[in-house]
Amino acid sequence: VCYTYDDARLAPMSNKRATPDSAITMDDVDGFSAAELFGQGVCYTYDDVIFHPGHINFAADAVDLSAKLTRNITIRTPIVSSPMDTVTESDMAIAMASVGGAGFLHYNMTEAEQIGHLKCVKAHRLGFVTRPAVCGPDTPLSWLDELKTRRGFGSVAVTSSGAVGGELLGVCTSRDHELVSDRSLAISEVMTTVTNGLLTGDTESSIEALELVLLNSKKGKLPVVNGKNELVGLMTRQSVIDKKRRPPPGSPTLDKKGRLFCGAAIGTREADKARAKALAAEGLDAIILDSSQGDSTYQIEMIQYLKKEIPHVDVIGGNVVTQAQARRLLEAGADGLRVGMGSGSICTTQEVCAVGRGQATAVYKCARLAAQFGVPVLADGGIQNSGHVVKALTLGASAAMCGSLFAGTTEAPGEYFVGEDGIRVKKYRGMGSLDAMAKGSDTRYLSESGHLKVAQGVSGTVRDKGSVCKMVPYMIHGVKQGFQDMGATSLTHATELREAGAMRVETRTGAAQKEGGVHDMHSYKKVLW
């Protein structure tokens with residue numbers, strides 16, 4: 001255990017000085033190996049443990065964080081968004097893949113809705129607005145007022161079908177309609193039409209060329225069309241400016257056809273077999289079996305079924321926290337494991353059901369077993385900052401799965417609203433909350449319809465956090481700095497140091513944890529990047 005000043009009581013000190021020529025010695029025990037620390041019968045979470053610094057002989061930018069997401073899929077950025085209905089839909093999946101990570105669509109929607117989000121991800125071209133506002137020519141101007149309230153802008157592309165893929169008729173911006181008093185007028189009566197000199201981009205042009213056209217035109221919107229004048233995408237001046245202000249995203253996570261990566265969660269019911277096949281037919285890259293307690297005959301049978309019927313789609317089992325749980329899923333053929341139970345900020349499973357495990361211990365134990373099968377694990381839950389990601393990865397996880405960290409971001413589902421305290425927020429809820437269960441998520445808790453439902457999560461709000469496209473690059477740089485401080489150049493190197501006992505770790509007292517954070521300040525503002 002590492003102590004701070006407030007933990008220690010000093011013994012009387014001798015006035016004797018050490019002899020100058022005495023031999024230099026070091027303590028036999030200076031920290032513990034991971035095996036020693038996690039073999040004491042106590043479960044720890046991330047804040048309980050602290051790693052000793054190692055020797056630095058390389059730059060932080062030289063750290064390689066690329067990792068296996070599943071047995072057959074590698075990602076550059078070891079961060080994944082959780083399949084929760086207030087975290088990951090198509091916008092989040094697109095954003096996560098664009099920064100080199102991965103997103104998994106939640107399961108709390110119909111099969112058709114989930115397939116729709118998957119198609120959106122696969123059809124997306126980096127550089128375009130992810131969810132452009134599109135309507136038909138007969139839409140009244142009052143709809144733009146509602147759009148302004150819901151999404152914060154009042155400009156729209158107008159197509160014959162009212163959706164992307166229809167023939168482009170024009171664009172209606174705030175300059176076209178903001179001074180029109182009759183809000184029942186059709187948008188077609190005030191919009192700038194294609195025949196009236198509307199500036200458009202060509203799908204054959206590169207993203208860089210399209211950005212240059214938009215900036216040089218001094219216009220706010222650039223609809224991009226194909227040879228048939230069908231709307232393919234939309235670029236905005238603000239999206240280009242935001243892109244230039246953010247850190248470079250690096251190479252995206254792509255599938256074998258060069259499209260953005262997209263995973264999805266399903267359940268273990270009989271109907272989910274058809275859902276899995278339908279998703280696979282649309283190009284799904286990986287499946288998560290979404291269950292709070294994955295060690296069940298239902299999940300084992302589903303893994304075996306999926307590996308037989310759609311072997312080209314990797315299957316991630318879970319959730320598990322013990323080696324016994326993990327072994328059964330691994331022997332069934334799982335290509336990855338999701339580790340964590342009751343450690344999420346909105347999860348009350350440990351409180352309600354008295355089962356679970358400290359997340360640091362769960363990750364370490366499950367990862368050691370999974371490594372013998374050549375299968376990576378996702379550390380799911382308890383991630384609050386880049387330091388927690390560092391700890392998860394060095395304890396054996398291949399990637400950190402984040403829920404609350406990404407809730408409240410621009411790409412998270414739902415619209416912003418102003419809370420009672422005047423803060424701009426979005427809704428965030430656990431998949432075990434009664435709100436989520438009412439929509440259908442009770443299947444992941446092995447609940448039967450008609451039975452009493454006991455909440456294993458809560459609902460609430462989180463502050464506006466901006467875009468994950470800005471958050472993730474800064475977070476990853478913090479992770480690289482953590483690896484540098486520990487003397488690890490990659491996840492593989494960290495594993496070698498940990499297993500050899502060269503990476504030393506200790507637990508922290510409450511006072512040590514307090515000392516390790518901000519303290520003794522009258523006031524401060526914590527700005528992460």
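Leaving aside neighbours within four places in sequence, threonine 409 is in contact (heavy atoms within 4.5 Å) with Met92, Tyr416, Lys426, Lys465, Gly466, Val468 and Met471. Threonine 409 lies in the loop between strand S18 and strand S19 (417-418). Helices (H or I, at least four residues) and strands (E, at least two) are DSSP runs, numbered from the N terminus. At 0% relative accessibility, threonine 409 counts as buried; buried means under 20% relative accessible area, exposed over 50%, and partly exposed in between, with a 1.4 Å probe and protein chains only.

Two notes on reading the model follow. Residues are numbered from 1 along each chain as its sequence is written, and side-chain values use heavy atoms, with hydrogens and water left out. As the model is predicted, local features need pLDDT of at least 70 and side-chain atom pairs count only at pLDDT 80 or more, whereas totals for chains, interfaces and linings use all residues.

Now select strand S18, residues 399-402. Which residues point one way from the strand, and which the other way? Ala399 and Met401 point one way, Ala400 and Cys402 point the other way, and all are buried. In a regular strand the side chains alternate between the two faces of the sheet.

Show strand S4 (residues 79-81) next; S4 runs parallel to S18 and is joined to it by 3 bridges. Two strands pair if DSSP finds at least two bridges between them. The bridge partner of isoleucine 79 in S18 is alanine 400. Strand S17 (residues 377-380) also runs parallel to S18, again with 3 bridges. Here alanine 379 stands opposite alanine 400.

**An open sheet**

Move to the open sheet of 4 strands, whose order is S6-S7-S8-S9 and whose pairing is mixed. Its edge strands are S6 (134-135) and S9 (192-193), each of which pairs on one side only. S6 pairs with strand S7 (residues 156-159) in the parallel sense over 2 bridges. Within this pair, valine 134 has alanine 157 of S7 as its bridge partner.

Select helix H13 (residues 386-394) together with helix H15 (residues 468-486). They pack at an angle of about 55°, with their axes 8 Å apart. Axes are lines fitted to C-alpha atoms, for helices over the stretch in contact, and angles run from 0 to 180 degrees between N-to-C directions. The angle makes H13 oblique to H15: angles under 35 degrees count as roughly parallel, over 145 as roughly antiparallel, 65 to 115 as roughly perpendicular, and the rest as oblique.

Show side chains at the contact. H13 contributes Ser386, Val389, Val390, Leu393 and Thr394, and H15 contributes Met475, Gly478, Val479, Gly482, Phe483 and Met486. These residues divide into 7 nonpolar, 4 polar and no charged. Ala, Val, Leu, Ile, Met, Phe, Trp, Tyr, Cys and Pro count as nonpolar, Asp, Glu, Lys and Arg as charged, and the others, Gly among them, as polar.

**Backbone features**

Most residues other than glycine have a negative phi, and most peptide bonds are trans. Select glycine 318 and asparagine 319: a cis peptide bond joins them, with omega about 5°. Asparagine 319 is in strand S15 (residues 314-320). Is asparagine 319 buried or exposed? At 4% relative accessibility, asparagine 319 counts as buried. Not counting residues up to four places away in sequence, asparagine 319 touches several residues, including Ser291, Gln325, Arg338 and Asp380.

Next, select lysine 218, in the loop between helix H6 (207-217) and strand S11 (221-225). Its phi is near 60°, a positive value in a residue other than glycine. Lysine 218 is exposed, with a relative accessible area of 71%.

Finally, select asparagine 229, in the loop between S11 and strand S12 (231-236). Asparagine 229 has a positive phi near 65° and is partly exposed, with a relative accessible area of 21%.

**The whole chain**

Zoom out to the chain, which has 17 helices and 22 strands. Of its 529 residues, 50% count as buried. Among contacts between residues at least 6 apart in sequence, 66% join residues at least 24 apart.
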